[in-house]
Amino acid sequence: MDRDRLAQALMATFLEELEGHVAALNRDLLALEKAASPARFGERMTSLLRTVHSVKGASRAVSEALIETACHRLEEVLLVVQQEGRTTPERMEVCFTAADALDDAGRRLALKQELRGSPLEALLPRLEAAALAPGALPAPGVPAPPVEAPAPGPEGLPVRVSAQKLDALLARSGELRVAGLRMEGRVELVEAVHEELHQLRLRLRGTDEGVARRLETRLAQLGRALAADRRTLLQATGGLDEEVRRARTLPFAEACAGLERNARDLALASGKQARLEVRGGVLELDRSLLQGLREPLLHLVRNAVAHGLETPAARREAGKPEEGRVELSARLRGGRVQVVVEDDGRGLDMASIRERARARGLPVLGDAGDARLIFMPGLSTAEAVTSVSGRGVGLDVVRAQVEAMRGSVDVAFTPGRGTRFTLDVPLTLSTLRVLLVTAGGHTFAVAGESVERLLRLEPGDVRVVEGRQLWAAPRALVPLATLTAVLGLETSAPRPRPGALVLSAGEVRAVLVVDEVVAEQEVLVRGLGPRIRRARHVSGVAVLPDGRMAPLLNAASLVRAAEGRTAPAGLFPAPVEKKARRRVLLADDSMTTRALEQSILEAAGFEVLACVDGQEAWERLQTEGADAVVSDVEMPRMDGFALTEAVRGSPRFGRLPIVLVTARARPEDKARGLQVGASAYLVKSAFDQTHLLETLRQLL
């Protein structure tokens with residue numbers, strides 16, 4: 001490796017190490033400020049000196065003299081504090097400022113900027129002045145206290161891996177998992193071909209039967225081997241997936257790093273006292289999830305200190321401790337993570353919120369749900385614009401960023417007692433179990449965890465209140481809208497019993513009517529990419545097992561949009577006069593098959609004329625007529641091909657739809673059927689009653 005590449009590698013390592021050391025400085029300085037015992041004070045001082053000494057040594061290795069000098073002077077300040085056995089506000093402020101200046105220096109170096117004129121350089125005189133205390137400095141030539149390197153744990157030394165490499169590894173493991181799921185379809189295909197070959201062998205004789213039997217045996221062996229390979233692949237990819245996820249996880253406390261410092265600084269600036277507590281900090285969560293939570297949590301903590309907590313005088317008057325409390329907690333709920341930010345402040349000023357909302361033309365309902373208005377863009381109850389509040393963007397950003405992670409955010413409060421924000425986000429952002437639905441001719445994916453239940457709507461399930469259609473749930477009326485209307489797609493024709501999804505986002509629900517629920521599948525989730533910053537109601541792309549892609553809909557956004565829309569009045573088709581039933585001529589020499597097909601057709605509303613062979617079918621067609629013919633091919637007296645030729649040659653019935661349903665699956669048989677004039681050719685081994693009925697409806 002040449003000198004330049006080595007220097008770049010060393011600098012990258014140093015900057016990554018510096019970020020962790022700055023976080024440790026802030027953490028230990030905050031703990032030092034609150035140290036209640038000499039033992040605790042001594043522990044924090046030892047940790048601080050070790051951290052500063054490590055940064056000083058690392059900066060020397062990358063030839064950053066300014067950082068080395070600053071760390072040396074910060075060591076001197078800390079030694080004064082250690083010798084005096086107490087802190088002072090002035091020295092603590094200098095130490096915190098030094099931590100910020102080191103953080104700024106790291107960002108400048110990452111951008112390849114010089115440190116001349118930086119806050120760190122400007123801080124050097126203050127550090128030197130803060131270290132001036134009689135007898136505080138060590139004698140010349142006396143080295144700093146030795147720092148023992150921590151012994152490697154039982155699993156060896158830690159290995160640093162960049163987040164980008166872990167993201168790429170997770171993406172590859174997800175693609176392997178999708179490939180394993182795709183193999184399920186291949187196994188089913190082999191099983192279907194095996195069944196067709198078995199049916200064919202039963203019709204063969206002599207040498208051909210022996211050849212077919214050997215092929216059938218080999219195909220069965222291939223099917224079993226493929227199924228075993230599928231199981232092995234899914235087990236391996238599942239294990240790889242789990243190991244990669246474990247490598248990507250970090251404690252929840254990592255997402256809270258720096259929040260305590262922000263709360264402290266903001267409280268001091270506003271004349272308040274605040275204490276930040278983190279519960280569930282050891283909970284291991286995905287790195288990308290924690291990264292996505294950092295900014296929403298920062299906004300909510302700052303909002304709690306700036307808007308929620310009262311001044312010490314106001315808290316004394318209300319019978320509360322002078323120091324306000326802000327608590328962050330995280331816990332698992334199934335496949336989701338619930339993060340709560342709660343304070344013991346004054347609660348929300350609903351009168352002010354409603355007044356500002358009306359001034360902006362926002363809908364005000366006059367109930368507890370109005371608290372969610374604070375998430376609307378531009379709404380703020382601050383009396384004046386400051387660097388912290390008053391612009392009405394913070395909580396809107398929180399909602400947008402949480403929903404971008406397929407999550408939801410809700411708020412509740414008790415007047416005079418405090419406010420509680422609840423963030424509900426998925427445990428993983430890479431794979432997801434979804435429901436595939438169609439609307440307006442398009443396929444969409446909806447996270448299964450957001451679907452409370454599936455419905456078949458009846459006219460009696462819908463109520464009209466103030467011109468809006470609502471679903472009559474057992475305990476409440478839920479907003480009802482069509483997915484096509486919410487997405488702005490072409491409206492589908494009404495159906496007798498339309499299907500619908502009951503979506504939930506936090507405590508809010510809505511019913512979305514869809515054209516069809518296709519399937520439930522596990523999919524790989526991909527982001528929209530930088531070119532599509534934010535598509536309305538879409539949070540990503542679902543990669544289906546067959547390689548197709550479907551937009552992944554944002555449940556929280558859909559629920560919110562459904563509240564302001566209503567299903568069209570023509571949701572259910574208008575009743576029409578009963579029409580005469582279509583008549584189908586059915587010909588099949590098998591009594592069982594004939595009875596099965598007759599029951600299917602009659603259940604679908606057709607009148608059926610059942611015949612035992614083609615000859616009877618031809619005779620009854622001429623005397624009784626029909627709207628369509630469904631016929632087997634292999635029948636006595638007159639087979640299906642001959643019947644089709646006779647019908648096509650008739651001036652009266654020449655245009656009649658003819659569907660051949662047969663066990664003959666060879667390409668030449670299909671070609672002959674279409675050649676003699678069949679409208680459709682269905683193979684019995686892959687027989688599907690829905691396919692038969694849909695074919696007839698299209699032909700008629």
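User: How do the residues of the lining of the largest cavity divide into nonpolar, polar and charged?

Analyst: This is a predicted model. The lining divides into 4 nonpolar, 2 polar and 2 charged residues.

User: Which residues line the largest cavity?

Analyst: The lining is made of G174, R177, V178, L181, T431, E522, V523 and L524. Arg and Glu count as charged, Val and Leu as nonpolar, and Gly as polar.

User: What makes this space a cavity, and how many of 30 Å³ or more are there?

Analyst: A space is called a cavity because a 1.4 Å probe fits there but cannot get out. The structure holds 1 cavity of 30 Å³ or more. About 40 Å³ of space lies in the largest cavity.

User: Which element supplies the largest share of the lining of the largest cavity?

Analyst: Helix 6 does, with 4 residues. Helix 6 (163-202) and strand 16 (516-526) each give at least two residues to this lining.

User: Now to another place in the chain. Where does S118 lie?

Analyst: S118 is in the loop that runs between helix 4 (89-110) and helix 5 (119-130).

User: Why is S118 called buried?

Analyst: Buried means under 20% relative accessible area. The value for S118 is 1%, so S118 is buried.

User: Which residues does S118 touch, not counting residues up to four places away in sequence?

Analyst: With those neighbours left out, S118 touches L66, D104 and R108. A touch here means heavy atoms within 4.5 Å. Between the C-alpha atoms of S118 and A101 the separation is 8.0 Å, and these two residues are 17 residues apart along the chain.

Terms used. Residues are numbered from 1 along each chain as its sequence is written. This is a predicted model: local features need pLDDT of at least 70, side-chain atom pairs count only at pLDDT 80 or more; totals for chains, interfaces and linings use all residues. Side-chain values use heavy atoms; hydrogens and water are left out. On a 1 Å grid over the protein atoms alone, a cavity is a set of points where a 1.4 Å probe fits but cannot get out, and a pocket is an open set with protein on both sides within 12 Å along at least five of seven lines; lining residues have an atom within 4 Å of a point. Grid points are joined across faces, edges and corners, and a volume is the space filled by probe spheres set on the points. Buried means under 20% relative accessible area, exposed over 50%, partly exposed in between (1.4 Å probe, protein chains only).
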